[in-house]
Amino acid sequence: MQSRATSSYQDALISEMPNLRAFAISLCGNASTGNDLVQETLLKAWSNRDKFADGTNLKAWLFTILRNTYFSEFRRGRREVADVDGMAAAMLASHPEQPGHMDMVDFRVALDKLADDQREALLLVGAEGFSYEEAAEICGCAVGTVKSRVNRARGRLAMLMGVATSDEFGPDRMTHAVIAKAGT
Amino acid sequence: MAVGGNRRVIGETLSSDDHEEGGVERRDDSGVGAPPELDERVRAQLGRQLRTYYSSLVDEPVPDKILDLLKRLSETEGHK
């Protein structure tokens, strides 16, 4: 028999699943590992539900469990598992008619090239909308560190995405192009 | 797309925030250091792309195996 508390905890978990899964997949670089990471997170969240105090932020709590699990158990295999080119090819094949689809593929590939801690910070702040303070708590680091990681992530993305320019230019030229563009 | 090697960006400056992570191993495989501050419009464009990409994932249906796991967990209540 389910208690009311259990069932409301379950409902609350279910409502967080879409965002938790989006974060997991973005962090892992592929959907299959991301889904595994969500399941592992759910198992931990469930067995530790007694430690979850009412009134605290369930979403932040889940994201904390997920990122800790990723960094302690999942990241090691990431390089072997992540298949950006394959994923890009799959995305290309799946929705080629969508406007801006190529941009999306480029973005996905660039995001995956970021260092893990930079990608994590950018996802938490830029995609999920956590404050720097909340993100710092989730990552277990200083607020300034989160800010620095987000800035680095943006800078690298700009270069990788060729917001600066295309492949024939070196990084120096790309930097100047970003600056030139910034000045217009 | 290749921004490889250990090339450093000319004119790169280290902000005070960067010193905070000075001793941390750099896992960024490009070797490119702190990027220059980005123009607000570039930042806004990247932000839009990030949210477009991310919301396409959020909008996907949650796989059955995740929902099944939640269901199984709630059914084991009291048996752990």
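The structure is a predicted model, in which local features need pLDDT of at least 70 and side-chain atom pairs count only at pLDDT 80 or more, while totals for chains, interfaces and linings use all residues; side-chain values use heavy atoms, with hydrogens and water left out. Residues are numbered from 1 along each chain as its sequence is written, and chains are lettered from A and ligands numbered from 1 in the order in which they are written.

The average pLDDT (the predictor's confidence in each residue, from 0 to 100) is 81 in chain A, and 71% of the residues score at least 70. Over residues 165-171 of chain A, pLDDT stays under 50. For that stretch the model has six contacts (heavy atoms within 4.5 Å) beyond four places in sequence.

Chain A contains ten helices and zero strands. Helices (H or I, at least four residues) and strands (E, at least two) are DSSP runs, numbered from the N terminus. The order of elements in chain A, from the N terminus on, is α-α-α-α-α-α-α-α-α-α. Of its 184 residues, 53% count as buried, where buried means under 20% relative accessible area, exposed over 50%, and partly exposed in between (1.4 Å probe, protein chains only). Among contacts in chain A with a separation of 6 or more, 64% are accounted for by residues 24 or more positions apart. The accessible surface of chain A is about 8000 Å², with 52% belonging to carbon and sulfur atoms; accessible areas come from the Shrake-Rupley method with a 1.4 Å probe, and for residues only the protein chains shown count as cover.

Chain B has three helices and zero strands, in the pattern α-α-α along the sequence. Buried residues make up 39% of the 80 residues in chain B. Its accessible surface comes to about 5000 Å², of which carbon and sulfur atoms contribute 50%.

Helix H3 of chain A (residues 58-74) has 17 residues and reaches 22 Å from its first C-alpha to its last, close to the expected 24 Å. The expected span of a helix is 1.5 Å times one less than its number of residues. The buried residues of H3(A) include Phe63(A), Leu66(A) and Arg67(A). At the N-terminal end, H3(A) is capped by Asn57(A), with a side-chain oxygen 3.0 Å from the backbone nitrogen of Lys59(A). Such a polar contact is a pair of N or O atoms within 3.5 Å; within protein, one must be able to donate a hydrogen and the other to accept it, and residues adjacent in sequence count only if both atoms are side-chain atoms.

In chain B, helix H2 (residues 40-58) has 19 residues and reaches 26 Å from its first C-alpha to its last, close to the 27 Å expected. Asp39(B) caps the N-terminal end of H2(B), where a side-chain oxygen lies 2.8 Å from the backbone nitrogen of Arg41(B). Among the buried residues of H2(B) are Leu50(B), Tyr53(B) and Tyr54(B).

Tyr54(B) is also one of the residues touched by Phe23(A). Phe23(A) is located in helix H1 (residues 4-28) of chain A and is buried at 0% relative accessibility.

Glu120(A) belongs to helix H7 (residues 116-127) of chain A. Its relative accessible area is 0%, so Glu120(A) counts as buried. Beyond four places in sequence, Glu120(A) touches Phe23(A), Leu27(A), Arg67(A), Phe71(A) and Cys139(A).

Ala135(A) lies in helix H8 (residues 132-139) of chain A and is buried at 0% relative accessibility. Leu124(A), Val125(A), Phe130(A) and Val146(A) are touched by Ala135(A), residues up to four places away in sequence not being counted. Its C-alpha atom is 9.5 Å from that of Lys147(A), twelve residues apart along the chain.

Zero disulfides (pairs of cysteine sulfur atoms within 2.5 Å) are found over all chains. The cysteine sulfur closest to that of Cys139(A) is in Cys141(A), at 4.9 Å, which is too far for a bond. Cys139(A) is buried at 9% relative accessibility, whereas Cys141(A) is partly exposed at 22%.
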